Amino acid sequence: MAVKRMIDAIREALDEEMARDPRVIVLGEDVGVKGGVFVATRGLIEKYGPDRVIDTPLSESGIVGVAIGAAMNGLRPVAEIQFADFIHPAMDQIINEAARIRYRSNGAWGCPLVVRAPYGAGIRGGLYHSQSVESFFAHVPGLKVVIPSTPADAKGLLKSAIRDEDPVIFLEPKRAYRAIQGEVPDGDWVVPIGPARIAREGDRLTAVAYGMMLHLTLQAAEQVAREGIEVEVIDLRTLAPLDRSTLLASVRKTGRLLIVHEDNRTLGMGAEIAALVAEEALYDLDAPVRRVTMPDLPATPFAAVLEDAVLPDTQRIAQAMRELARE
Amino acid sequence: MRPAKEATAPKSVDVALEAVGAERLLAMYRIMVLSRALDERMWIVQRQGKVPFVITAQGQEAAQVGAAMALRPGHDVILPYYRDMTLMLALGMTPRELMLNVFSRAEDPNSGGRQMPAHFSLPRLRVLTGSSPVGTQIPHAAGAALASRLRGEDSVTFCSFGEGATSTGDFHEGVNFAAVLQLPVIFFCQNNRYAISVPQRRQMAVESVAARAAAYGIEGISVDGQDPVAVYQVVSQAVERARAGGGPILIEAVTYRFVPHTSDDDDRVYRSREEVEQSRRRDPIPLLRERLMEAGLWDEAREQALREEVTRIVDDATAYAEQAPPPDPATVARHVFAEPSAEG
């Protein structure tokens, strides 16, 4: 087992899956010669050639559309959207096509496709290099939505996504690419899509997070632990389909729920998780559900003081934990 | 007009007909007549209230049969659009299957009653499933061709759409992608002059769809879509070249839709009856029949026999589909994701 950065774990997953299965191709803007703007695909074109590592024209709908056609015709494409902020032109292809191919053909066709996209704020990316887009996709049956928070999960979940028979939206917390290092098991390390992970055990309250927010939530949990508040932290990992049983079991144990995400508040994942708990575990709650999220703004502003004013941070999360524990 | 002129012209050797060969010509004609009869029956069952909606091909049969005959069914990858009933019939979808589709029956191989009619899908013919948003299948075609080429197949990918689709972003992105990568795709536009109600002149500032090809550095050809022989020849040459690695092509078959866009459309709002009647004078079915007769390949007796055969086939397909069971509501949540048994 070796300690790796998330970006390197992602590249390893792509490399190993391309070596393992000749049907796997990678396509997107700058993924070939440059190796991607975050160098997630560096070295792949030298190893697998330009027929399997394809620098595409600048055309997000086309990238995903081409990947869909290739997937229906027997390949396992991994399409890279350079930033999640640029995925919107491909929404029709993802939602109306990829997500509905199996259903609309009554099971005759499938679309084994991965769309990778770096997402999230905290890197001074401004309006169009910071967005969190997960809820758009988690709303659509037929799509699986995965967000890893550790290098081990990034590698193992990406390998599962590539082997999956259905389209997977694989959102990578780009702030974690180099900031987060961790041990990655050797060999063919695969993490199943679906199960959430208990990242920290505790009994006073349950905090649910994913992506970079998971790490801030863990830091906040360590802070409040020094004050005697033991927080159980759940790393969601797969947003769709949602691991309802792990969430409900934890909330039934702690009686308190905090959801943390950097997506907007309204109709974010927190809303769905809160609704789930309201439907299934209301009488197990000892306090109202709380959320720490971005405020409902069109996007993340660029200037440092403005971004810091809106993005959840460890202090805000810890404060919410303290207040929730006291209620 | 052309038919009158032809009728007075002295009989001469029809070079194009000879090149295509009698067997294929007669097969084309049979498919066109059968398609029209099925098509007319679909409108009848819709007007009878037996099915909620139809969208059909009348007027465009020649373009579709000409293209289909140039392809290798089950080998080449097909991405049709909702007007392509004759194409499907010519490739090998059966009349019963087409009627099961119209009646949204469980046995409908396209979608088991999940999609509106004419959203074709058939794995045995490598027909990839499509949707209603126009033009979305165009990038799929580039991707399918990419996959075929990577495996070393000599199949081509045939992608069909109307002229309205050529205004979409997906047309640009898909054709450009195929052109840059020199993929074996036949982009086949059936220009029937209207995207629902909007005429071609409000759809593009260029004179023809074929002219758009220049922007992608590929060949663009315009062909008379009412002449199945001409379409067959143009598509055959394009297919041959694409199989040999010659890259994509944009073919425009100029045609006309004789019926409203769908059973919910009233085309009197946007085009005159005179214009429609004028276009019907170039109905591809009598046009081909006259040519076949002039060439000595057809006569009234054969015509009568074909009409009777076609009526029997349409009656059978309609009766079969009408009595076939509808989809089971208990299956409505199936196939959202792969089922465990399918993953193996």
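1. A crossing of two helices is called left-handed if the near helix is turned anticlockwise from the far one by less than a right angle, and right-handed if it is turned clockwise. In this predicted model, helix α7 of chain B passes α8 of chain B in a left-handed crossing. The crossing in chain A discussed under point 4 has the other hand: α9(A) passes α13(A) in a right-handed crossing.

2. The pair in chain B comes first. Helix α7(B) covers residues 137–150 and helix α8(B) covers residues 169–180. Their axes come within 7 Å and cross at roughly 20 degrees. Angles under 35 degrees count as roughly parallel, and α7(B) and α8(B) are therefore roughly parallel to each other.

3. Which residues of α7(B) meet α8(B)? They are B:Ile138, B:Pro139, B:Ala141, B:Ala142 and B:Ala145. On the side of α8(B), the partners are B:Asp170, B:Phe171, B:Glu173, B:Gly174, B:Val175, B:Phe177 and B:Ala178. By class, this contact has nine nonpolar residues, one polar residue and two charged ones. As background to such lists, an α-helix has 3.6 residues a turn, so residues three or four places apart point the same way.

4. The pair in chain A consists of α9(A), residues 212–225, and α13(A), residues 314–326. The two axes come within 8 Å, and the crossing angle is roughly 55 degrees. These helices are therefore oblique to each other. From α9(A), the contact takes A:Leu216, A:Thr217, A:Gln219, A:Ala220, A:Gln223 and A:Val224. From α13(A), it takes A:Thr314, A:Ile317, A:Ala318, A:Met321 and A:Arg322. Six of the residues in this contact are nonpolar, four are polar and one is charged.

5. Chain A is divided into domain 1, residues 2–184, and domain 2, residues 197–326. The C-alpha centres of the two domains lie 26 Å apart. How many residues of each domain are in contact with the other? Domain 1 of chain A has 25 such residues and domain 2 of chain A has 23. On the side of domain 1 that touches domain 2, at least two residues each come from α6 (134–138), β6 (144–146) and α7 (151–163) of chain A. That side of domain 1 has twelve nonpolar, eight polar and five charged residues.

6. The two chains also touch. The contact takes 35 residues from chain A and 35 residues from chain B. On the side of chain A, the elements giving two or more residues are α3 (60–72), α4 (91–97) and α5 (101–104). Helix α3(A) gives the most, with nine residues. The side of chain A that touches chain B divides into twelve nonpolar, 15 polar and eight charged residues.

7. Is helix α6(B), residues 95–102, mostly covered or mostly uncovered? The helix is mostly covered, as eight of its eight residues are buried. The buried residues include the charged pair B:Arg96 and B:Glu97, as well as B:Leu98 and B:Met99. Among the elements that cover the buried residues of α6(B) are α3 (22–47), α5 (85–91) and α12 (300–323) of chain B. The helix is followed by B:Ser104, whose phi is positive, near 55 degrees.

8. A:Arg124 has a positive phi near 60 degrees, in a residue other than glycine, and lies in the loop between β5 (114–119) and α6 of chain A. B:Arg126 has a positive phi of about 55 degrees, although it is not a glycine, and lies in the loop between α6 and α7 of chain B.

9. A cis peptide bond joins A:Ala240 and A:Pro241, with omega about -5 degrees. A:Pro241 is found in the loop between β12 (238–240) and α10 (244–254) of chain A.

10. A:Ile198 belongs to strand β9 of chain A, residues 197–200. With 14 C-beta neighbours inside 10 Å, A:Ile198 counts as partly exposed. Leaving aside residues up to four places away in sequence, A:Ile198 touches A:Glu232 and A:Ile234. A:Val31 is 167 residues from A:Ile198 in sequence, and the two are 34 Å apart in space, C-alpha to C-alpha.

Key: Residues are numbered from 1 along each chain as its sequence is written. Chains are lettered from A and ligands numbered from 1 in the order in which they are written. This is a predicted model: local features need pLDDT of at least 70, side-chain atom pairs count only at pLDDT 80 or more; totals for chains, interfaces and linings use all residues. Domain bounds come from an automatic or database domain assignment. Two residues are in contact if their C-beta atoms, placed from the backbone, lie within 7 Å. Helices (H or I, at least four residues) and strands (E, at least two) are DSSP runs, numbered from the N terminus. A residue is buried if 20 or more other C-beta atoms lie within 10 Å of its own, exposed if 12 or fewer, and partly exposed in between; C-beta atoms are placed from the backbone. Axes are lines fitted to C-alpha atoms, for helices over the stretch in contact, and angles run from 0 to 180 degrees between N-to-C directions. Angles under 35 degrees count as roughly parallel, over 145 as roughly antiparallel, 65 to 115 as roughly perpendicular and the rest as oblique.
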